[in-house]
Amino acid sequence: MLTIHHLGKSQSERIIWLCEELEIPYDLRIYARDAVTILAPPEFKKLHPLGAAPLITDGELLLAESGAIVEYIIAKHGGGRLALGAAHPDFAQYLYWFHFANANLQANMGRNMVLRKLDLPADNATLAGAKGRLDRALDFLDTRLGDATYVAGNEFTAADIMLVFSLTTMRLYLPLDLAPYVHIKAYLQRIGARPAYQRAMHKGDPGMQPLLD
């Protein structure tokens with residue numbers, strides 16, 4: 001059976017959510033972060049040389065990286081559902097936003113998180129540049145969500161599953177005020193109303209209130 005190795009409050013919530021949306025069976029193993037370092041515990045790090053979430057096992061297969069895992073599960077277990085094929089009019093948008101999630105938005109948030117911890121002066125050029133890139137990414141996303149119900153278009157897809165972590169749980173590590181982004185806020189309310197998302201968050205991080213506003 002497919003097993004999801006879930007590190008609490010991490011990108012592996014995407015994989016639980018995907019399986020709930022696809023309604024496919026899976027075994028969930030939850031690992032708590034170290035109370036002091038907030039990093040993965042030793043038993044999780046032993047699973048993979050990089051020791052980072054998410055991870056799945058599927059028979060003899062061990063696979064890391066959330067984007068790769070999402071594509072694998074859709075192709076292997078999901079019958080292609082939640083992905084858009086080349087003949088779909090929103091195919092290019094699907095590809096773009098699927099990869100935007102980690103290649104742009106999550107990367108920018110991670111960079112800002114590290115720089116903020118350095119306690120740099122407010123006029124530091126590197127800090128200002130990183131903040132500017134993140135602001136532009138959020139502005140761009142907000143504009144997109146003013147034109148479409150979901151990021152790839154009017155159809156919910158795996159691109160949304162890839163994106164939402166950065167807008168919600170990641171804000172536990174990098175607080176962001178989403179008040180200026182009215183379309184993002186409305187989008188998160190649509191996501192939060194999805195039963196599969198609710199089930200996934202309850203199973204993966206019980207007791208955590210998703211940051212949907």
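The following exercises, each with a worked solution, concern the predicted model of a single protein chain.

The model is predicted, so local features need pLDDT of at least 70 and side-chain atom pairs count only at pLDDT 80 or more, while totals for chains, interfaces and linings use all residues. Residues are numbered from 1 along each chain as its sequence is written, and side-chain values use heavy atoms, with hydrogens and water left out.

**Exercise 1. Overall fold**

State which secondary-structure elements the protein chain contains and how its radius of gyration relates to that of a compact globule.

Solution. Helices (H or I, at least four residues) and strands (E, at least two) are DSSP runs, numbered from the N terminus. On this basis the protein chain has eight helices and four strands. Their order from the N terminus is β-α-β-α-β-β-α-α-α-α-α-α.

The radius of gyration is taken over C-alpha atoms, and the globule rule is 2.2 Å times the number of residues to the power 0.38. For 213 residues a compact globule would have a value near 17 Å; the protein chain has 17 Å, which agrees. Along the principal axes, the C-alpha atoms fill a box of roughly 50 × 45 × 30 Å.

Two further totals complete the description. Buried residues (under 20% relative accessible area; exposed is over 50%, partly exposed in between; 1.4 Å probe, protein chains only) make up 49% of the 213 residues. Of the contacts (heavy atoms within 4.5 Å) with a separation of 6 or more, 68% are between residues 24 or more positions apart.

**Exercise 2. Helix α5**

At the start of α5, a side-chain oxygen of Asn-124 comes to within 3.0 Å of the backbone nitrogen of Thr-126. This is a polar contact (a pair of N or O atoms within 3.5 Å; within protein, one must be able to donate a hydrogen and the other to accept it, and residues adjacent in sequence count only if both atoms are side-chain atoms).

The buried residues of α5 include Leu-127, Leu-134, Leu-138 and Leu-141.

**Exercise 3. Aromatic pairs**

Classify the pairs that Phe-100 forms with Tyr-96 and with Trp-97.

Solution. Rings of Phe, Tyr and Trp (its six-membered ring) pair if their centres lie within 6.5 Å; planes under 30 degrees apart count as stacked, over 60 as edge-to-face and the rest as tilted. The whole structure holds 12 aromatic pairs. Among them, Tyr-96 and Phe-100 are 5.9 Å apart centre to centre with 35 degrees between the planes, a tilted pair. These two residues are four apart in helix α4, hence separated by about one helical turn. Tyr-96 counts as partly exposed at 38% relative accessibility, whereas Phe-100 counts as buried at 3%.

Trp-97 and Phe-100 are edge-to-face, at 4.7 Å centre to centre and 65 degrees between the planes. They are three residues apart in α4, again about one helical turn, and Trp-97 counts as buried at 2% relative accessibility. An α-helix has 3.6 residues a turn, so residues three or four places apart point the same way.
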